[in-house]
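Here is a report on one protein chain. Please keep the sequence and the model in view while reading.

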Amino acid sequence: MKLTCPNNTDGDAYTFPGPDRLAGASDRDLQDAKPGFRARYVGEFARRVVHGDLDLDAWCRKPDTNALRATVLNVKGIGNYAANHLLILLGHYDQIPCDSEVRAYLGISTKASQKEVERVAAKRYAHWGRFAYLAYKFERVFARENYVDCPI
């Protein structure tokens, strides 16, 4: 499935496997892919795309991050963390998907709430505006603490 995403540098995005393949997968097939509790949401999401209930091309054309985020968060099974990742894939870098890696990198206690982690990350990278996530990732790469082996 090809999507036209003007926020991406080359204007195009591709999905793999396609939603039609995921929509046709059995619950067992999806579980075998090891997404854990997310398996049913992945299947439901794919079926909604295939049936035309979700228009991913429309997501790609939304220039307003807040409006797009609201749309994404209205999909069953998508919370803040997943929404922030989807926004990044769609070329919106305003938000940082906060997980245990972000928590550890920023030196935030494991006892802090998820909202606190998000608040600290947002505050630290606020001056980067719509490029907050990119600033976070570049900082990690430059600090050589990135979990992806990235030669500089």
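The sections below cover the fold, the cores, a pocket and some local details.

## Basis of the model

This is a predicted model, in which local features need pLDDT of at least 70, side-chain atom pairs count only at pLDDT 80 or more, and totals for chains, interfaces and linings use all residues. Residues are numbered from 1 along each chain as its sequence is written, and side-chain values use heavy atoms, with hydrogens and water left out.

## Overall fold

The chain has 9 helices and 2 strands. Helices (H or I, at least four residues) and strands (E, at least two) are DSSP runs, numbered from the N terminus. Read from that end, the order is β-β-α-α-α-α-α-α-α-α-α.

The chain holds 152 residues, and 34% of them count as buried. Buried means under 20% relative accessible area, exposed over 50%, and partly exposed in between (1.4 Å probe, protein chains only). Contacts are heavy atoms within 4.5 Å. Of those between residues at least 6 apart in sequence, 42% join residues at least 24 apart.

## Nonpolar cores

In soluble globular proteins, nonpolar side chains tend to be buried together. A nonpolar core here is a set of buried Ala, Val, Leu, Ile, Met, Phe, Trp, Tyr and Cys residues joined through side-chain atoms within 4.5 Å. The largest such core has 15 residues, and those touching the most other members are Ile96, Cys98, Val102, Leu106, Ala121, Tyr125 and Tyr136. Helix H7 (100–105), H8 and helix H9 (132–142) each give two or more residues to this core. H9 gives the most, with 4 residues.

A second, separate core has 12 residues, including Leu56, Val72, Val75 and Ala83. Back in the largest core, Cys98 is among the members with the most partners there. Leaving out residues up to four places away in sequence, Cys98 touches Tyr81, Gln114, Val117, Glu118 and Ala121.

## The second largest pocket

The second largest pocket has a volume of about 160 Å³. On a 1 Å grid over the protein atoms alone, a cavity is a set of points where a 1.4 Å probe fits but cannot get out; a pocket is an open set with protein on both sides within 12 Å along at least five of seven lines, and lining residues have an atom within 4 Å of a point. Grid points are joined across faces, edges and corners, and a volume is the space filled by probe spheres set on the points.

Arg69, Asn80, Asn84, Asp94, Gln95 and Ile96 are among the lining residues, as are Cys98, Glu118, Ala121, Ala122, Gly129 and Ala132. By class, the lining has 5 nonpolar, 4 polar and 3 charged residues. Ala, Val, Leu, Ile, Met, Phe, Trp, Tyr, Cys and Pro count as nonpolar, Asp, Glu, Lys and Arg as charged, and the others, Gly among them, as polar. Helix H6 (80–89) and helix H8 (114–124) each supply at least two lining residues. H8 gives the most, with 3 residues.

Asp64 lies in the loop between helix H4 (56–61) and H5. Asp64 is partly exposed, at 42% relative accessible area. Its side chain reaches the backbone nitrogen of Ala67 at 2.8 Å.

Thr65 is in helix H5 (residues 65–73). Thr65 counts as buried because its relative accessibility is 12%. Beyond its neighbours within four places in sequence, Thr65 contacts Leu87, His92 and Asp94.

## A positive phi

Lys34 lies in the loop between helix H2 (27–32) and helix H3 (39–50). Its phi is near 65 degrees, a positive value in a residue other than glycine. Lys34 counts as exposed, with 72% relative accessibility.

Notes: Polar contact = N/O pair within 3.5 Å; in protein donor to acceptor, adjacent residues only side chain to side chain.
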